[in-house]
Amino acid sequence: MSAQRIWKPGDLRLLVVGVAFVLAWAGIGFRLFDLQGNQARAAELATVGFDQRITERAIEPARGTIYDRDGVELALTIDGWNIVVDPSMLDDPTATAALLAPYADDPYEELALTLSEGQESGSRYAEIAMRVDTSRKHEVESVIAAYNSDVDKAQRVTGVFYRPQPLRVYPAGSVASQVIGLTSYDGGGGIEGLELTFNSELEGDAGRLIVELDPSGRVIPQGEVLLEPAAAGADIVTTIDREIQFAAEQALRRAIQTTGASNGAIVVLDPDTGAVLAMASYPGMDLNERSEVTPGVLRNRTVADMYEPGSTLKLLTVAAALEEGIVTADTMIDTPNRIEIGEFDYSDHGNNPPAMRVADVVAKSSNIGTIHIEQMLGRDLHYEYLTKFGLGGKVGLDVEGERQGSVPPTSEWTATSGSSIAIGYAVHTTALQMAAVYATVANDGVWTEPYLVKEIIQADGTRITTNARTRRVLSFDTAQTLREMLGQVIEIGTGSRAALADYTAGGKTGTSEKFDVEAGVYSDDTFASFIGMAPLNDPRVVVAVVLDSPHGSLEDGTSLTLGGASAAPVFAEVAQNALHQLGVAPDRD
Amino acid sequence: MTAQTVPYARGRAARQSAVGERRGPRIVPLIFFTILVMAVFFAMIFLRIALDRSAFQLESLERQIATEESLQLDLRLQLAQLQDPLRIATEATRMGLTYPEDRVAIVVDDLGGVLIAPSGGEPIQALTDSLP
């Protein structure tokens, strides 16, 4: 006997719905199997889906800051923006241009044309202002918001965006511009100065952020996220004293305006440590005004320009002879008016007595006397001391473009080489190298490698401190004797205009004729220089001043082509300011 | 004896006979289970919303941090610009300030420094008196 089955209309509907469900699920199942069962296609689709949802964004590292020795910012990076417009979103390009013109890089007419043409061509991207700071961005936002609140919805300005663009700014403007250098216009790496030399330390390492986006491009809060943080760049603490640097630059600018020199350079060193307190070059530029960049304006002339040092190098000849015991300060040296060596005649400026003490040879800057001392010294010892004092090689300063100068080896010396080198010709040096020579005398005979970067502070706080190389070149007694001689240069010699009001000082004048490469002869133009130190008993600063081709004369008729007339007063001004800035007690009534 | 089919129960009586005595004990766990599922469902929604809200708050805080950092950088820049020697020198010149011609130096050994100031200045004397 079988069970009785009674079909009703409701059962049929249930059957239809059930079949529909089964078919639907079967279809979905088939599709799933089709998509995922096929391994190759599944992998491809998974990749496509992943790419649609996932996006990778680079995280730019914060560029490190450059500080002066007191921790004041010389260069830092702040948030900046490029203002971008999507012309296709504009209702009225000309009205938008009128609104944004005060903030755009181009005038109204050009901006209106750009936006109108962009709209007609369907362009969606027009950069109207580059590298604006955050306050400027807020101004633009406020102006647009105010405008939009006064007009109908259809007339509102939309489509204005702000693209992040970090700004490298230089708070001190032109101060130490050649030392600091520049980064590229787009905010990238350094292209000059410390910005270039320490670019790898300053720029840091980029990070990345991988996020999952919704179809509208918004970050899905609980989506897949992978964050690799950017490593910020290291900070650079320089040895530059901003006030001393400023004083040196101002003094150099005035000197060049007064003497008509084509350019010039000043170095201020701390002789005890080798720290460079100031490096001034002229002309300079405001680093925030890139339109001022012209060839040579960012040239750090203290290390990049070589010159024949002239009489300032006589000190080295005398130092070597004293150190070797060949002469003393009181040894009498023959000083006839002229001598002939090889094909050259050497003479002195002015009338000197037929014989002079070594100290007076220095004070009066006698060419003949110095040449005689060099002849007593001999070329081998002479060359040995030239290299001991660091000439002919880079001093190791941490800046791009440093020149090493040239000192010919004794094998290449001619009959006149020793004599010429003794009085500062036939060798090429930088202002910094010569400053280091005098710093050796100031530092009781110990040559100290000049340095510009005091420490590097990495993002994790690790500090890498500079330890300058040192070597003893002269004995304490020799250095002290030389300082007394340098004091006499200012007291009774050629450097009287280098006297400081509040401090004792010593130094040496230098005047070298400039070699005309094209003509192949020495010209009437000169390098006028003065290198000195103060206070004399315990020097705290060494200042080297070099002026390229000064001309004219003082009221008393003294030619400004001479270092004692044009460069010596600059030394006095810079040294006095530096000592005040360092808080050094005056030692002179 | 002939077997007979059980008459087909209809309506309420049929349902009563079908579940019989077991209706009470089976519906309670069902209701409990339903409530539990709904509670879990709503709890998950609530947690998800809470997580999303936290994420948005976190994002907001990060934006705020970025804004504050930007402001701090701007303030550092302004401070450095205010300390610009050229600005100070220009301002001093505009105010008619000049370097003193006649100076006296007071060496303060304990402080290891020196003060240079115009001679005869009362404030300097007051300063030295106040030193230990």
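Visitor: At what angle do H9(A) and helix H19 (residues 568-582) of chain A pack, and how far apart are their axes?

Guide: Axes are lines fitted to C-alpha atoms, for helices over the stretch in contact, and angles run from 0 to 180 degrees between N-to-C directions. In this predicted model, H9(A) and H19(A) pack at about 165 degrees, with axes 9 Å apart. Angles over 145 degrees count as roughly antiparallel, and H9(A) and H19(A) are therefore roughly antiparallel to each other. Local features here need pLDDT of at least 70, side-chain atom pairs count only at pLDDT 80 or more, and totals for chains, interfaces and linings use all residues. Residues are numbered from 1 along each chain as its sequence is written, while chains are lettered from A and ligands numbered from 1 in the order in which they are written.

Visitor: Which residues of H9(A) meet H19(A)?

Guide: Two residues are in contact if their C-beta atoms, placed from the backbone, lie within 7 Å. From H9(A), A:Glu243, A:Ile244, A:Ala247, A:Ala248, A:Ala251, A:Leu252 and A:Ala255 take part. The contact divides into nine nonpolar, two polar and two charged residues.

Visitor: How many residues of helix H3 (residues 85-94) of chain B are buried?

Guide: A residue is buried if 20 or more other C-beta atoms, placed from the backbone, lie within 10 Å of its own. For H3(B), the count among its ten residues is zero.

Terms used: Buried ≥ 20, exposed ≤ 12 C-beta atoms within 10 Å, placed from the backbone. Helix = DSSP H or I, 4+ residues; strand = E, 2+ residues; numbered from the N terminus. Parallel < 35°, antiparallel > 145°, perpendicular 65-115°, else oblique. Nonpolar A, V, L, I, M, F, W, Y, C, P; charged D, E, K, R; others polar.
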